[in-house]
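Welcome! Here is a short tour for anyone meeting this structure for the first time. Take a look at the model, then read on.

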Amino acid sequence: MSVPRATTLSVQTSSSFQALGMQEPLELPGQQPPGCGKCIPVCSSSGNAAGCCGGSGSSIGSVGKGPVMCSAGCENPYAGLVALLRAAWLSGKTRPLEYRVAQLEALGRFLEEKKQEILEAVALDVGKPSFEAYLIEILLCKNELNNTLNNLCHWMKDEHVDKNLMTQLDSVFIRKDPYGVVLIIGPWNYPIHLILVPLIGAIAAGNCVVIKPSEKAKNTGRLLAESLGCYLDSDCFAVVTAGVQETSRLLENKFDYIFFTGSPSVGRVVMAAAAQHLTPVTLELGGKNPCYVSDTCDVRSVARRVAWGRFFNAGQTCVAPDYVLCTLEMQEKLMPALREAITEFYGSNPRESPDFGRIMGQKEFQRIRALLCSGRVAIGGQTDEEDLYIAPTVLADVLPSDPIMQEEIFGPILPIVVVASMDEAIDFINERPRPLAVYAFSSDCKVVAQVLERTSSGGFCGNDTLTHMTLTSLPFGGIGCSGLGKYHGKFTFDTFTHQRGCLHRNMGLEALNGLRYPPYSQQKLGFLTAAFEIKRKGTCTLL
């Protein structure tokens, strides 16, 4: 039995999609109404698509179903592709449980059969150690996939809800409907994980999907474009590779949901584009994640856990601890403990360690290296531009006004900001945009609870770093400038699902409806009040 191939749409361009790497901003899409619904294929599904092009004249190759043109004069090069996927979705093809399970299982085969290629591509793109790449790009994706397959039949079921007296004879339920055609835009730092995890939820929810990998991670993007099509159905899933301008054109199309992972600046552009069609969005962004360390803690354990979270993937993790808040006394204790932890993890020369990654590219390297001027380099600080190497670095005596405290670091540098107390640390956190995560370390559970209670963030982790994001049972997402929406596990399914409120009434027993029809009377109002009214049962106490 032949396996349907996912559509791949490639636009060759000299400008890489650096916007997802927080470098080059996307252009705000225009307001032309692309995807008019009259777009038709101009090449047969079995024919060679080479030489065909969309309305803008961009070269298009390796298109599973051939490029498409619009009979109404639509000039957007992606409008036809979106129209084809929308037609597939409207046919109901993606709705049956069996279809969703088959596509998810095919995705599992992709992860298994292409495991080595994935590890090699990620190593070439990001210089990521194979241990870290397998853990995040393979294992956590498999966990998401298996958790979804284990629970999908339950998640899809209609959810029956409470009824009032007037609806006791009716069927009242929440139908879990797919949104339709959704767009997933991924970043470069975890180029497989941050594409596949939302994709798993989008497939599980019954959507058709356009996948836009980051072009900055060229090898991984090429792998997805060339290999994913061997596993997923080309009628319903397409991979698009393009540069900044072309991605802006892609965003002009009407999608039913957009899921974006990247920087806050590009997130604003994506949200503005979505607003043209009133399209709902999830924005997984980032920010400066504070890590408070109290005076009462196991210093060695804190140092090892913080160092691991900060220097994992060479610090290029949106949820990594961005800076430490502690007293001067604790800073003096932490320094030797952090130096010991770094040496334990990466040896006396981390540059030679196979377990320490590299910076993504030249622009990122130069941006991060410029931040070393802040405070005082207490540990590390060595750099090699040719190797894109920045040593695991700890900065002491950092001031809130220093350059490193004005932006997300996204690299292997850990600044320490001295505060006088927990209260001052909490005020420091609350005076800044709400982060993706807040970390707190203390042997006193009350201190951790206080930081949790008095701050606001996308997520929270006490006495550890990063591990909360590995659980499919916890929602992962930001708040305010750090993001909008949540995913992981069932939360991803819910993100790509429209919860449709439904009531189905029998055509008989019309006499019961007479109470709501004119002419109105006080007696009718009394009966309806008794039938509809919800009365308060009592107070609620939080334990």
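The buried residues of helix H7 are Val244, Glu246, Thr247, Ser248, Leu250, Leu251 and Glu252. They make H7, which runs over residues 244-252, a mostly covered helix, with 7 of its 9 residues buried. Please keep in mind that this is a predicted model.

**Salt bridges**

- Side chains of opposite charge can pair when their charged atoms come close.
- A search of the whole structure finds 28 salt bridges.
- One of them joins the side chains of Glu344 and Arg300, at 3.9 Å from N to O. This pair links distant parts of the chain, with Glu344 in helix H10 (residues 328-346) and Arg300 in helix H9 (residues 299-311), 44 residues apart.
- Glu344 counts as partly exposed because its relative accessibility is 40%, and Arg300 is partly exposed too, at 44%.
- Glu344 and Arg300 also belong to a network of salt bridges that includes Arg304 and Glu340.
- Asp384 and Arg351 meet in a salt bridge as well, at 2.4 Å from N to O. Here Asp384 sits in strand E15 (residues 383-384), while Arg351 lies in the loop between H10 and helix H11 (362-370), 33 residues away in the chain.
- Is Asp384 buried or exposed? With 18% relative accessibility, Asp384 counts as buried, whereas Arg351 is partly exposed at 39%.
- Asp397 forms a salt bridge with Arg376, and their closest N and O atoms are 3.1 Å apart. Asp397 is in the loop between strand E17 (393-396) and strand E18 (413-418), and Arg376 is in strand E14 (residues 376-379), 21 residues apart.
- Asp397 is partly exposed, with a relative accessible area of 39%, and Arg376 is partly exposed with 42%.

**The largest pocket**

- The largest pocket holds about 430 Å³ of space.
- Its lining is made of 20 residues, and Gly287, Lys288, Glu407, Glu408 and Pro433 lie nearest the centre.
- Sorted by class, the lining of the largest pocket has 9 nonpolar, 7 charged and 4 polar residues.

- Leu169, Leu509 and Leu512 make a nonpolar surface patch of about 340 Å².
- Leu512 can be found in the loop between strand E22 (497-504) and helix H15 (522-532).

**Asn219 and Glu117**

- Asn219 belongs to helix H6 (residues 218-227) and is partly exposed, with a relative accessible area of 24%.
- How many residues apart in sequence are Asn219 and Glu117? They are 102 residues apart in sequence and 9.6 Å apart in space, C-alpha to C-alpha.

Terms used:
Residues are numbered from 1 along each chain as its sequence is written. This is a predicted model: local features need pLDDT of at least 70, side-chain atom pairs count only at pLDDT 80 or more; totals for chains, interfaces and linings use all residues. Side-chain values use heavy atoms; hydrogens and water are left out. Patches are made of residues with over 30% relative accessible area and no salt bridge: like charges are joined within 9 Å, nonpolar side chains (Val, Leu, Ile, Met, Phe, Trp, Tyr) within 5 Å. Accessible areas come from the Shrake-Rupley method with a 1.4 Å probe; for residues, only the protein chains shown count as cover. A salt bridge is a side-chain nitrogen of Lys or Arg within 4 Å of a carboxyl oxygen of Asp or Glu. Helices (H or I, at least four residues) and strands (E, at least two) are DSSP runs, numbered from the N terminus. On a 1 Å grid over the protein atoms alone, a cavity is a set of points where a 1.4 Å probe fits but cannot get out, and a pocket is an open set with protein on both sides within 12 Å along at least five of seven lines; lining residues have an atom within 4 Å of a point. Grid points are joined across faces, edges and corners, and a volume is the space filled by probe spheres set on the points. Ala, Val, Leu, Ile, Met, Phe, Trp, Tyr, Cys and Pro count as nonpolar, Asp, Glu, Lys and Arg as charged, and the others, Gly among them, as polar. Buried means under 20% relative accessible area, exposed over 50%, partly exposed in between (1.4 Å probe, protein chains only).
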